[in-house]
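Trainee: Hello! Could we walk through this protein together, one question at a time?
Mentor: Gladly, let us have a look.

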Amino acid sequence: MNISIVGTGYVGLTTGVLLALAGNKVFCIDVDKKKLEIIKSGKSFFYEPGLDSLVKKAINNKKLIPTLSYEESIPESDVVIIAVGTPSNPDGSVDLSFIFSALESIAKNMTKKIIVVQKSTVPVGTGRKIEEFFKSRDKEVDVVSCPEFLSEGSAVIDSINMDRFIVGGDSDNAKQKIAKLFQGIDELNKELDIEDYLEYASIYKKKHQLFFETPFKDRVIFMDLESAEMVKVTANAFLAMKISFANSIARICDRSGADINQVMDGIGMDHRINRAFLYAGLGWGGGCFPKDTAGLIKFADENGFDFNILKAVVESNSDQINFVTQKAKDILNHNLNGKTIAVLGLAFKPGTSDIRSSLSIKLVQNLLQFNAKLRVIDPKAQEGARSMLGDTVHYGKNIEDTLKDAELIILATEWPEFVELDFSRYRNILKSNKILDARNKLDKKKLVKQGFEYYGIGR
Ligand code: UGA
């Protein structure tokens, strides 16, 4: 098939590259020339494990065509996938302007009936608005909603190992065609060495599962347009709720002497509950959960429903970061003034350079407000963090430089290289033996044995 994908972010580029490797001709459209130049050179412009070599392969075999031009791509395409950003407006509602500006260019350049696949996260009803948009311009399209469930850091493996494929719309024929198209991506698991993409795949799960062992047809769910749109935001809201629930239980564990990791292992074995996304820590951040929960709350409000459960989840998440800040203060005798704190990790989660709504950065900002001296490090997000933190912190050149003179070490983003560190090697450069494991990933017993004062979140 010939396909155009509008938007080359995590979803657009990953999907585009994989569709190209599955044998389709794929135009990746973006308005940002610089990004397109980087893709043309065979690289991704953001860090996503394993993606660079796949981009290179798809560019070299000329199946992936980065372009600014709708004139070049749309007339040739049978399917157009929308994967542009849908940021939050200040009131929490979702800004759809990038979608509709892309639709203008698509409508102007289409020369035949096409399938428009909506992959950007949107409020329910957007698919119908897209249908109306084309109808009012006398253009024939089938609109299909195809929500995306990949996570940053494991985008490739999530795409070639889908737990489910949701496709919504009115046209059975269009839905079948799109399911077939994405089955091509799923089947790449036979060609690619999945070991190359697993490093960050089970950070928030007990273990990684191979869903592709179940036939693709049994993982496809066909549904109506509105339901498919609803699935996406419901999944993200539910996952955010799971995390906040775990964080709240962690706060009770802190008061009761229980260990949250053991408690969650205990309830996670209940197959009705499941261990995934019950890892307590700083709270949830990133480009999706904050935006999608705000959007769903706003949508409910506008439609006369007070979504008080989700409101409480959002509130509890903002409170969690203040709780961790307070914990750091308590550890350092309620006074951070002039104290040196080493913060390990700045990305919103491991495996990505993304710092959108990163709670590690929020934590640094909170600590700066109390006049602490911060030394920070991140394997991939250091440059991005500079745009937020400027010269207010010392950017560690390496671990040693970051930990120098630290009176408190905080593990803020659980990169494996930090989790596996032998902190005892750095004892002579530390000013104190205090460690705050804000992601509950360090080996508490070992650290205590080595003479460290260990603090976790509910441990
Ligand atoms: C999330 C969803 O997991 C994806 O399924 C979805 O496709 C994506 O949003 C999206 O809407 O595009 P992502 O934001 O990349 O993916 O990352 P997650 O792994 O979900 O983590 C989100 C945040 O929750 C991170 O800050 C992470 O540190 C935190 N988290 C996650 C926890 O604190 N504890 C957990 O147990 C799980």
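**Overall shape and make-up**

Trainee: Which radius of gyration does the protein chain have, and what would a compact globule have?
Mentor: The radius of gyration is taken over C-alpha atoms, and the globule rule is 2.2 Å times the number of residues to the power 0.38. For 459 residues a compact globule would come near 23 Å, so the protein chain agrees with the rule at 23 Å.

Trainee: Before we go on, what kind of model is this?
Mentor: Residues are numbered from 1 along each chain as its sequence is written, and side-chain values use heavy atoms, with hydrogens and water left out. Local features need pLDDT of at least 70, side-chain atom pairs count only at pLDDT 80 or more, and totals for chains, interfaces and linings use all residues, as this is a predicted model.

Trainee: How many helices and strands does the protein chain have?
Mentor: Both are DSSP runs numbered from the N terminus: helices are H or I with at least four residues, strands are E with at least two. The secondary structure of the protein chain comes to 17 helices and 14 strands.

Trainee: What percentage of the residues is buried?
Mentor: Buried means under 20% relative accessible area, exposed means over 50%, and partly exposed is in between (1.4 Å probe, protein chains only). Of the 459 residues in the protein chain, the buried ones make up 56%.

Trainee: What share of the contacts joins residues 24 or more positions apart?
Mentor: Contact means heavy atoms within 4.5 Å. Among contacts in the protein chain with a separation of 6 or more, residues 24 or more positions apart account for 75%.

**Helix H11 and its surroundings**

Trainee: How far does helix H11 reach from its first C-alpha to its last?
Mentor: The expected span of a helix is 1.5 Å times one less than its number of residues. H11 covers residues 289-302, which is 14 residues, and the expected 20 Å is close to its reach of 20 Å.

Trainee: Which helices do the buried residues of H11 pack against?
Mentor: The buried residues of H11 include Phe289, Asp292 and Leu296. Their packing partners are helix H9 (225-256) and helix H12 (308-331).

Trainee: Which residues is Val233 in contact with, leaving aside its neighbours within four places in sequence?
Mentor: Val233 is found in helix H9 and is buried, with a relative accessible area of 7%. Leaving aside neighbours within four places in sequence, its contacts are Thr121, Val122, Asp292 and Leu296.

Trainee: And which residues does Arg251 contact, with the neighbours within four places left aside?
Mentor: Arg251 also has its place in helix H9. At 18% relative accessibility Arg251 counts as buried. Leaving aside neighbours within four places in sequence, its contacts are Asp319, Gln320 and Phe323.

**Positive phi values**

Trainee: What is the phi of Asn274?
Mentor: Most residues other than glycine have a negative phi. Asn274 lies in the loop between helix H10 (260-268) and H11, and is partly exposed at 38% relative accessible area. Its phi is positive, near 80°.

Trainee: What is the phi of Ser357?
Mentor: Ser357 lies in the loop between strand E9 (340-344) and helix H13 (359-369). With a relative accessible area of 42%, Ser357 is partly exposed. Here is another residue other than glycine with a positive phi, near 45°.
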